[in-house]
2 protein chains.
Amino acid sequence: MTRTAAIIGGGVIGAGWAARFLLNGWNVRVFDPEPSARERVHAVLDAARLALPGLGDVALPPEGELSFPGLISESVRGAEWVQESVPERIELKQKIYQAIQLHMEEDAILASSTSGFTPTELQVSSASPGQIIVAHPFNPVYLLPLVELVASDRTAPDLVARAQDTLNAIGMFPLTVRAEVPAHVADRLLEAVWREALWLVKDGVATTGEIDDAIRMGFGLRWAQMGLFETYRIAGGDGGMEHFLGQFGPALKWPWTKLTDVPEMDAELVRNIASQSDTQSGALSIRELEAQRDRNLTGFLRVLGQQGWGAGNVLRAADDRNLSAAGVPATFDDIADPAAPTRTVHRAVPLDWLDYNGHMTEARYLHVFGDATDRMMTLIGCDRDYIAAGKSFFTVETHIRHLDEVTAGAPLVVDTRVIAGGGKKMHLWHELRSGDRLLATAEHMLLHVDLKTRRSVALTQVLAERLGVLVKAQSRLPAPEGLSRAIGDAL
Amino acid sequence: MTRTAAIIGGGVIGAGWAARFLLNGWNVRVFDPEPSARERVHAVLDAARLALPGLGDVALPPEGELSFPGLISESVRGAEWVQESVPERIELKQKIYQAIQLHMEEDAILASSTSGFTPTELQVSSASPGQIIVAHPFNPVYLLPLVELVASDRTAPDLVARAQDTLNAIGMFPLTVRAEVPAHVADRLLEAVWREALWLVKDGVATTGEIDDAIRMGFGLRWAQMGLFETYRIAGGDGGMEHFLGQFGPALKWPWTKLTDVPEMDAELVRNIASQSDTQSGALSIRELEAQRDRNLTGFLRVLGQQGWGAGNVLRAADDRNLSAAGVPATFDDIADPAAPTRTVHRAVPLDWLDYNGHMTEARYLHVFGDATDRMMTLIGCDRDYIAAGKSFFTVETHIRHLDEVTAGAPLVVDTRVIAGGGKKMHLWHELRSGDRLLATAEHMLLHVDLKTRRSVALTQVLAERLGVLVKAQSRLPAPEGLSRAIGDAL
């Protein structure tokens, strides 16, 4: 049977929860007296539908049904999860809980998105405090998995386990907090940074943009995958966490930050941290942690490079600087000899392109050949501006022979021949090498298309002319071995 | 002419600098009296060679030459950049600077990796303070772009610009800090978090592992791409930063963290932050920032999913839970009808798989087909354990017809036929659909290989038997349209 969630409060957080439940197959009822809530929920849902279903490699269940009941009673009746995300005013929350708990099912869960209040505070005026728990998510709720789960002594004993199950079922990561403290865990860390950052701005040490760069060009990338303690465990080297604490501990006594209340780094705290860190990370050696970190960071940085964002712009600038020395022409006029195959790619194999066979995975062969095709498109005039103006090429057919394997860091070059180009078509032949080894060949047929109609159209004059120059100049080369071959021809 | 850098101190940081310079084409001389330094530098270099060259899409220049001179004088003579990364003891640094500056070139730069000291402190006993600057990097130096660049009044006026140029040239991101403060910018933020985290552990609110999860399952992912202020700008919605500060500012007065020294959030500070935030992020609307954030986060999460690490494990667990409901068999016995094509993929198009044409990029077609092939391998018995035991399949030939396009969030299914399977070979036919639309077909020839010899070997019995069952059952189906076709056959 389809499960039902009631979302009380349709702001950005409530809408994110609605998306999480709905796209994981739950029926969702959103209650928010504000007329703008419906539109906001749909806007968040539109964004979530683009992103959430494609996060994993397996389809989510069919979407549930979304409704906007006019009454709290209609919203919560029959729902097994009620998520409250109204503004952070304790009296408001306590009052709404009385209305919710009049109508909600006895065994349902009433979870609050509060970032600041403790369950004990939320339960103060409730007749059924046992139903109440804190489930604090992070924006965007439809993408970030973290939910801080906090119970009080009055929360029903089985509620935490049941809440964990539900949160797991909608693809989230419930982190059960061991004690009730204001702001739970994550927001305490965030607020510490926020305060220090405000001092830096106020004191004129850095602007907001500089502070953000100080985060996202450096430790922010580390924290997206390992967090604070595991990163420092690595910094301690083979000595591990105790060594790190020995080195860094005393530094805490320096008045570096404006925020100087520091716990005594006594033997007990050191032992405690070191032992928790062993539990957390001890299954891997420092070398293994470093290798994993490098795979993660390479992946992140390459995502940002593809997006042209943050640290990725540093990679793009480096590529622009290195292109000419790498022997890849940037423009048609840079092609030294049109009668020879054109060097369209010169790169190294990224660390995150390997698969379970320990070599560059098959899809990345086509990735590299696609880059080679993109370069040839740019050279003949189908560059970023041309595409922005509404025309481009679509690949319609591809034939790849995988002849040899290659691993991370190895150099790759692609040399490209234009077999034919005219009418609406471009017919390319790529050869991929690492040093002297021929790794693969690829034959591609592309059609020139109008991006508005998504249909093929004749090549524009400049494209046809440049293709013509290359086809004619290269026609004296012998036909590539393997051209126009079908699978099985030579096996 | 090849440029030369001298690295003084061959610890993890010094070795990271050595890798940065060397892999960007510089000659590098490492000075470290410790005998273990050479081995450590080579270990870091080995890791860097796997990761750094493949970060961008264009090859780096050929590696420079690495040497380990026995004397500081030999190391720094003729070098245009001297990077000091010795332990954080001010007297030690000041003493080494005297030795370095006796021999270094007049127009060379002496940069310190110090995380805590100011340039003024470093310059105290120097006869040429103008050569000295702080260039504080982040571990791993060969991957993270951030370098905090700090000058004092006594640093030569042109040194900052020259240092920026050099750091850009080796693919780094120099962030020039506006004032000399202990710990510069990033480490002040890090230390604020560190102190709060120590309190959380000491008070028993969370363990080190829980704190790391609170970071990497949530805000750490945000910070890897936008940082603190830009994230909060989005949280402010269309009201932007002023709205956010209006909402959040007062919360700073609550005693959330243990670190409670708070700047007065007066009108001037609010105006200052809002205006800096406009400068930083104002070119994009909140909607555009949100969309970019979602593309970045999707990319990060999918990297982690591929790595099976951190938040990626949440995605993997969801995939495992959803597989059966998605109609994809997990084992050979789950195949309901061996005479029909096998459903090998059911997923949605990830947001980060789109290209400049606004549709799923061509390499991701092969990615999906590769996943389909992996599933078929698993079904016939070539699963993770089988591969770990030393045998696998390599794809040797691929033919793809791209028939239609698809965009983010859309559902994808692949149905797979086994055309032949015997001897050393497996011949597969995949059809990719979104709803009723046939998007592409793919024909693959694979060879069964021994992962030790990297050569083809006969199928093991269980694989051959299961392939035989499918081939026989499916032989009654008509041959797929397009099988064994060569490019150009039907165009």
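Where in chain A is the place of A:Gly14? I looked this up as my opening entry, keeping in mind that the model is predicted, and I found A:Gly14 in helix H1 of chain A.

I then turned to A:Gly9, which sits in the loop between strand S1 (4–8) and helix H1 (12–23) of chain A. A:Gly9 is also buried, with a relative accessible area of 7%. Apart from neighbours within four places in sequence, its contacts are A:Gly14, A:Phe31, A:Asp32, A:Ser85 and A:Val86. In the UniProt record, an unreviewed entry, I saw the feature "binding site" placed at residues including A:Gly9 and A:Gly14.

In chain B I looked up B:Thr118, which lies in the loop between strand S5 (109–112) and helix H5 (119–123). With 9% relative accessibility, B:Thr118 counts as buried, and, leaving out neighbours within four places in sequence, I found it in contact with B:Val134, B:Glu180, B:Val181 and B:Pro182.

Last, I compared the two chains, and I noted that chain A can be laid on chain B with an RMSD of 0.0 Å by a turn of 180 degrees and a shift of 0.0 Å along the axis. The two copies are therefore related as by a two-fold rotation axis.

Conventions:
Residues are numbered from 1 along each chain as its sequence is written. Chains are lettered from A and ligands numbered from 1 in the order in which they are written. This is a predicted model: local features need pLDDT of at least 70, side-chain atom pairs count only at pLDDT 80 or more; totals for chains, interfaces and linings use all residues. Side-chain values use heavy atoms; hydrogens and water are left out. Copies are superposed by least squares on the C-alpha atoms of residues with pLDDT of at least 70 in both. Helices (H or I, at least four residues) and strands (E, at least two) are DSSP runs, numbered from the N terminus. Buried means under 20% relative accessible area, exposed over 50%, partly exposed in between (1.4 Å probe, protein chains only). Contact means heavy atoms within 4.5 Å. UniProt positions are given in the numbering used here, feature names are shortened, and annotations may be inferred rather than shown by experiment.
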